[in-house]
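Subject: Structure handover

Hello,

Here is the structure for you to look over. My notes on what turned up follow below.

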Amino acid sequence: MPSHLTLPLIGIDFTSAPTPRKTITVAHGSVHGHRVRLQSIESVPDFKGFEALLRNPGPWVGAFDFPFGLPRELVEALGWPRDWLALIGHFAALSRTQIRDTFAAFCAGRPVGGKFAHRACDIPAGSSPSMKWVNPPVAYMLHAGAPRLIDAGVHLPGLHQGDASRVAVEAYPGLLARELIGTRSYKSDTPVKQTPERLIARKDLLDALEQGRTRLGLRVHLTHAQRDSLAADASGDRLDALLCLMQAAWATQQPGWGLPADVDPLEGWIVSAR
């Protein structure tokens with residue numbers, strides 16, 4: 001079990017195409033017993049800033065909202081490397097067009113309802129398959145994110161040995177959000193869809209996080225200003241970064257960072273998925 005239960009935490013809401021308008025959003029905080037303290041939220045407008053974040057000296061633990069691996073079924077069908085580091089190197093060398101065309105061809109030969117291959121963690125987490133290139137384009141997020149983790153030398157439990165003082169785990173904010181408010185939508189990047197109902201859902205989600213109504217056994221401490229800012233962000237990026245921060249906090253208090261003992265060393269695992 002990790003011994004430093006108050007080490008700095010980051011929760012990262014990621015995008016495969018960051019801009020000043022659609023940034024990588026980073027929540028900074030710490031955990032003290034069962035209480036998670038949000039310290040600040042940072043907007044990172046480009047990959048240069050993201051790479052600098054990854055190289056910040058440890059100790060820290062980060063939970064990143066992008067997939068760290070591809071489905072073993074897909075990798076074996078394509079004849080790609082079955083070693084994680086070699087696989088990510090091979091994947092990083094492809095263009096997004098090549099990725100899309102390769103994955104589309106794979107899906108074309110499969111029956112309706114089973115087009116995509118899934119990782120073992122996808123069903124328990126309720127996440128999109130990491131080979132999906134649209135709505136959301138998580139394959140492109142993997143393509144943009146995982147090679148940068150490797151280049152920065154961080155440690156990825158269950159996948160890749162790196163600097164043990166800088167630990168990266170895979171997160172999925174939708175997993176925790178669904179536990180707290182069910183399938184209610186709480187965010188949209190489209191202004192016309194930024195409705196009062198979604199605002200209410202964000203406020204309900206924040207209430208549940210502050211009251212600790214999750215199986216993680218944690219509650220978040222927010223100032224009034226932080227709470228108002230999180231609720232006001234109709235895109236949900238700031239709230240998603242906070243949800244990732246909660247998953248990072250939980251990981252620090254679990255044996256083996258909360259990963260199953262039999263985690264597939266090619267696919268990886270979404271932290272806190274059952």
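Strands S1 (residues 9-13) and S2 run antiparallel and are joined by five bridges. Asp-13 stands opposite Thr-25 in S2. Two strands pair here if DSSP finds at least two bridges between them. Helices (H or I, at least four residues) and strands (E, at least two) are DSSP runs, numbered from the N terminus.

Some ground rules. This is a predicted model, in which local features need pLDDT of at least 70, side-chain atom pairs count only at pLDDT 80 or more, and totals for chains, interfaces and linings use all residues. Residues are numbered from 1 along each chain as its sequence is written, and side-chain values use heavy atoms, with hydrogens and water left out.

Back to the strands. S2 (residues 24-32) also runs antiparallel to S3 (residues 35-44), with nine bridges between them. Thr-25 stands opposite Ser-43 in S3. S2 and S3 form a hairpin with two residues between them. Gly-33, in the turn, has a positive phi of about 65°. Eight of the nine residues of S2 are buried (under 20% relative accessible area; exposed is over 50%, partly exposed in between; 1.4 Å probe, protein chains only).

Next, the cores. A nonpolar core is a set of buried Ala, Val, Leu, Ile, Met, Phe, Trp, Tyr and Cys residues joined through side-chain atoms within 4.5 Å. The largest has 45 residues; among those touching the most other members are Ile-12, Phe-50, Leu-70 and Phe-103. Helix H6 (138-152) is one of the elements that give two or more residues to this core. H6 gives the most, with ten residues. Apart from this core lies another, of 41 residues, including Trp-250 and Trp-257.

Leu-70 has contacts (heavy atoms within 4.5 Å) with residues including Trp-80, Phe-91, Arg-119 and Glu-267, not counting residues up to four places away in sequence.

Last, the largest pocket. About 870 Å³ of space lies in it. A pocket is an open set of points on a 1 Å grid over the protein atoms alone, where a 1.4 Å probe fits, with protein on both sides within 12 Å along at least five of seven lines; lining residues have an atom within 4 Å of a point. The volume is the space filled by probe spheres set on the points. Of the 35 lining residues, Asp-65, Pro-136, Tyr-172, Lys-187 and Asp-240 are the closest to the centre of the pocket. Helix H7 (173-181) gives the largest share of the lining, five residues.

Best wishes
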